[in-house]
Each structure stands twice: as C-alpha cells, then as structure tokens.
Amino acid sequence: MAVPSRVIAIQGALFCISTDDVHETRWNPGAYWCTVPRIVSRKAIQLSFSVRDHERNVKKTLLKNIVLPPSGEVIRLPAQQVDYVAARYSPSARRRVVLREVKNDSGSKRFVEIWVDDALKFNVDVSNEHDAFYADDSVGSLSFSHDENSIVYTAERVVDKSDEDPYAKFRYKPDLGEGLPGKRRPATFIVHWDQSGATVSRIATPDNLYLGQCIFSPSSNHTLFATAYELQPDWRLLGVKGCYNRPCGIWRINITPGAGSSSEWQCMLQKLTAPELSCRSPRALGDGLLWLAEASGGAHISTDVLHFAPNSDNLTDPDTLVGVVERPRSEGFPGLYPAANLPSSLLLSINSDSPTHIALHTTFGSRTVVILVSFKGDITVLDPGDTYSWAVLATDEKSRIICSRSTPAVPYEIVVADILDVQNVSWKVVDQPAIDEDVAAALASIKTQVLKIPGREPTETIVIQSSGTAGVPPCVLVPHGGPHGTTTTAFTARTTAMVLEGYTLSLPNYTGSPGFGEASIRALLGNCGRLDVDDCMESLEHLIKLGIAEDGPGKLFVMGGSHGGFLTAHLIGQFPDKFTAANMLNPVISGGDTTTTDIPDWYYSEFGFPYPVQSSSQGSSTSTTITSKNPAPLMNSQTFEKLQAASPISYVDAVKTPVLLLIGLSDRRVAPSQGIEYYHALKARFEDKSQVDMLVFKGESHPLDGVEAAKVCYEATRDWFANAKAGV
C-alpha cells in the first residue's frame, strides 16, 4: 500500500528533530555574559545534545549556547557540531576537561584536554596509557577535584604483556554486557597538573572489582568514591546496563601517589554500603555524600532510596531522604524512580546561603516529573498540571533549574524554572527545535490522555490520537519492555509518526511498571505471562468500551520489543483472532533459553525462581563474592519446563496473526536465536508464508537503535501494518 509523500516527509522531519540524549548542561558564566560564576545572575546556558543524521547514517553531538538577558528576548546561538567523547566543566566553570579520540588509518589516538577559561592549557596524549574511554551512565567517570587541579576518568585497561603468563591476552574475563560489549577492564585514571605540567596515573585496583562512576572526596584529592560491580561465585558478571539491582556498592578508594613520575598509584579500598543494597551514582555535596540504592536481586528496577551521609567519612548510618513507598495513596507520591544517574549539578539554595534542596526527576505514574527533596526529607512535586514529561538537566545551585520537557505533540523543549519558594515557581521556555509549518500543523493535531483501567489498579494506559483522522482509527497496542520499564508521555519520533499515519496508539503501563509503588513491582514477579498479559488486554477492552478503539478485522494491531515482544507474542497466541498484524523487536520467546544472555537472573527472578545476587559485606577491602559457597542455579529440566510453559512459545500452534520480526544479531540480552526460531516455527505453521517475515540487523544489539536500523524498523512496521490492513 503506497504511503502519501507528504506523510513520509513529515515522518522524516520527526526523525531528524528527535533528540536522542541531552548529555551535559551548564550554567555558563561566559567572559562577556557574566563575570562571576555560579550565582543566580549568570545569564547563559550551554547545552550538549545528540541528533540523528539519516543522510550520513551517524549520530552527531551538538553544542548550543543560550543567552538569557535581564530583559528582552532569549538569544540562541547556532548549534555547533563537536567530536569529543565526553566533556565536563569544573565547579567554578573556569576549567573544562575534554576526552577526545581521533581516528585515522593507523588506528586511534586519545587525548585529555584541560582548558582554562578559553585557552587550551594542557593536551595530554594518553594513547599508550589505555584503550577506549568510558562515557556511559553505568561505569563511565569524569569529574574534577575540588581544587580543580586534577580530574578522574575511566578507560579500558590495556592487557600487559607478561613473560609469566603468555596467555594473558587470551584468558577469559567477562565484559559488562549489553550496550558495553568488549569493555571488561575498566580502570581509573587521574590527570594532575601544576605549573610544571600535567601527568597521568592509573590507580591499581583489583581485577575482580569493576570500578566506575568515580568522584573525588570533598575533603581530599587522594580519596575517591566509586561504584563497584562484583563478579559472582561462578565468575559471571551480570549485565549492568538498565539493571539497578546488581551486586554493586559505594567504595572508598584511598590513593597513595607514586614517587616521582610513576604512572601507577597504589590504593586501599573499603566498601561503605550494605551487601543487601545495590548502590550507584555517588555525588559529593559539601562535606557529605549522596547516592541511590535499591534492593539487590529480584526485579531489575525497583523503588530507589535516596541516601545522604552528612560526613563522607562515615556512611554507616546515612540519612534516608526518600524512602520506599509500598502503596501510594490516590494520586500520592509513589516513591523514587529516577534515571540511571543523578544530575551532576543538582543542589538548590532557596532563600538561603547554604544548600536546602536537591532537584531531580522521577517517574510518577505515566509521566516523569520534577521533584525537590529537602535535607529534612520533605518532597515537593513541581507539577504544572500538564501532560509533559520532564527531566532535570542541571541547577545553578541557587534557585534556578534547567529542564527538558516533551509530549507526543511537542518535541524536546528547554525550560528554565525560577524558584522563589517551593510553592512559587515560574517556568520559561528558552529553546525549541526548529519545525517546518507542515510538521507543526501535524503535531498540533495530536491529543494525549492517560486513562486508568477499571478493576486493574494500578494499570493505566497512555492514549495518543490525531484529530486529523476521521472516524474511529485502528488502534495499535504497544506494551513496553522490561518488564520493569515505564512508558511515559515523553516525545518519541516513532510513536508520533505512527499516530500521524492514522492510528490510535495505546501504551499500557501494566502491573510491574515503576512509578506506581513498590508493591506493584513485586506483584509481577512469578506472574509474567499472566498478570501483564491480562492487564494489556483489559486496557484494550476498556478503549473499545469507550469507543476509542473498535474490534474486528483491520482495527487492532500489536507491537513491542524485548518483554514487550514477549507480551506481543503471548497476546497473539492467547487471543489468536484479536489482532490484524503484529510486530516484535528482539522478543523473549523461550524463557528457558538463558545460554547467551548477560542477565540470566532475569529469567529466574521474573518467573518466580530464586537467583542469588551476592555482594561483599560492608567494610570489605576487596571483593569476596567469588569465594562464596552459594552458586547460581543451573537450568534443570523441571525449571526449564515451567519457564517454557510461561513463555509465548507454548502458544505458537494457536498463532494466526501475520508477524514481522526485527532481530539484532549482536543482542546480548535476548539471544537472537529466540526470534529466529520463532520465525521458523511460524513459517512451518502458516499456509501463507508471506504472513511471516523477519529482518535481521548485523551489528545491532538489543535496542535496535542504530541510525539506519531504527528508521528501517519503523518503516518496515508501518508498511507491515498498512499491508495487513489493506488485505482484510
């Protein structure tokens, strides 16, 4: 079925304005904008973000400066493309560190640049010191010391050649898993400089600790705080990306600098947090330390606790600023569900000379909202009462917050909040993406609402429609992955483009979705394939009762990735006459297939089987988990049978719905063979072989988020649904 050229043009524009990530935001004093940094009167923002260039099939990082004059219009300077790996300003904003990798025919060269004001002070060649820089959320580090004469960062350690071990280069060492392939030796480096020059040194840390997220102690340049992941008794490293229940804690690293020009510094380590907690994202606040914690093991994402130790030398009895909420009251605060990391600049000093609050964002039902947390533990939700989803990017450490916000109809905007007090906040949009008139008109037609599903508390669904579609449009059910993920009202190009294609989209947040209290998350464990499936179906039936969707041929579609693909496969197997077509991205099809996954514990915990996640005790000086006598379970026939019975493969004989599979061949989270075997099983059972198709993407991993792959996946899904609808 042909797609109108105007619709394709609008969809292309949406994919171009889709902002993948906002990397770093600074209140920039600027030599000619403001002479005194880190005060409310500073009048500029520097924003780093990435966009997709479909013509060149690359992601680009752009840097934009926004001037906020005391009066008059905001001045937005043109965005400039930058080619560094990562960058960070010092607390005073007078210094900046840039990690840069330069590739040529002979390989890669790596540099650490130290800038003072507008001048490049030192350009340190670290090409022979290590391999790739780490710039990810889970392990990456880049932080200044408080005297601003040192920085710490994380990079892949080079395997030393050793006459004692001629096989060191080939000896197996697990990597960090999905999203971090080949990264298996994170090492901590410090660059220090003075008038005589700059030196780089590696901190010698144990091989069985994977250290990252390093920051300097507020009281000493020879003390670091870091997050460390630990091997399990079977010497397995459980995949870390998107999993906040890992055997990891906050560790203190006391450094002994080497003599003279020594490039390796020794250290003493101490674990500061309890073994039953999975801790991450340390932040130095004055003399204290702030960090996030979740229960270790079980659900891969659960309710966070925000801890604060007023004295970073003593973390044994920290204050709990935000605790776990089991069952929130109606419309009440559901607990803390933040991003992977806390903002690097998150303090506020409202009507005070000292810090009074912490600003961050959290999932609250089907949205993300900005919250202020006082050091007394009081929580204020800054909710303008709209359908936006918000993210805190940075504060000026006084009374201003810079945020991003979006809805399915409004691509990412940059907003400044001025806070007189916690009940008196003004918001000002200071930057928006440039949008053509046709795209703006199409976006203006989109309506978003969040509907609660009667009798299925706390399940609710986000319904997105376009007023430009006549009658009752066909409805696409889109269950999210995880299963402990949450679909929010934030803008995504593929969702908005599908709505403009003439579909209503229903995105249910079923039981187990974060943002609804801890009890809801735990309720799904052991009930996957039943409770989540029923929640999705009831949400769809509710829309049919409301007249938002209709039953019948050409009226209902379903799509999802990962656990959303698991649910999609379940839905077309358990309700074979319900849907006109289905699409799955890297779906979980067989729960008993754990052979290549980086998260084998997921398959046990989510289906109600115990899987010990073990961490060293508080006070340990090195990891002790590899000597534990409590090994991970092996897949026996009884467990395999139960996992398969709870999986979509057990319903394969009932499937009638045309299926399109999209498979990343480098997926480390769900074995590509699961989707491929499902493809063959369906092909064998369908008389019309054209009703089963599969696209495979070499080099693509679990999210299928490469520039070309993401666009092809959307277009293939669009065409698959259009052809199925035309054929009824």
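The structure is a predicted model, in which local features need pLDDT of at least 70, side-chain atom pairs count only at pLDDT 80 or more, and totals for chains, interfaces and linings use all residues. Residues are numbered from 1 along each chain as its sequence is written, and side-chain values use heavy atoms, with hydrogens and water left out.

Strands (E, at least two residues) and helices (H or I, at least four) are DSSP runs, numbered from the N terminus, and two strands pair if DSSP finds at least two bridges between them. Ten bridges join strand E7 (residues 95–104) to strand E8 (residues 107–116) in the antiparallel sense. Leu-99 stands opposite Val-112 in E8.

Next comes Arg-246, in the loop between strand E15 (223–230) and strand E16 (248–256). Arg-246 counts as buried because its relative accessibility is 1%, buried meaning under 20% relative accessible area, exposed over 50% and partly exposed in between (1.4 Å probe, protein chains only). Among the residues that Arg-246 touches, not counting those up to four places away in sequence, are Tyr-229, Asp-601 and Val-613; contact means heavy atoms within 4.5 Å.

Finally, the axes of helix H5 (residues 531–546) and helix H6 (residues 563–574) come within 10 Å and cross at roughly 70°. Axes are lines fitted to C-alpha atoms, for helices over the stretch in contact, with angles running from 0 to 180 degrees between N-to-C directions. The H5 side of the contact comprises Asp-532, Val-533, Cys-536 and Met-537.
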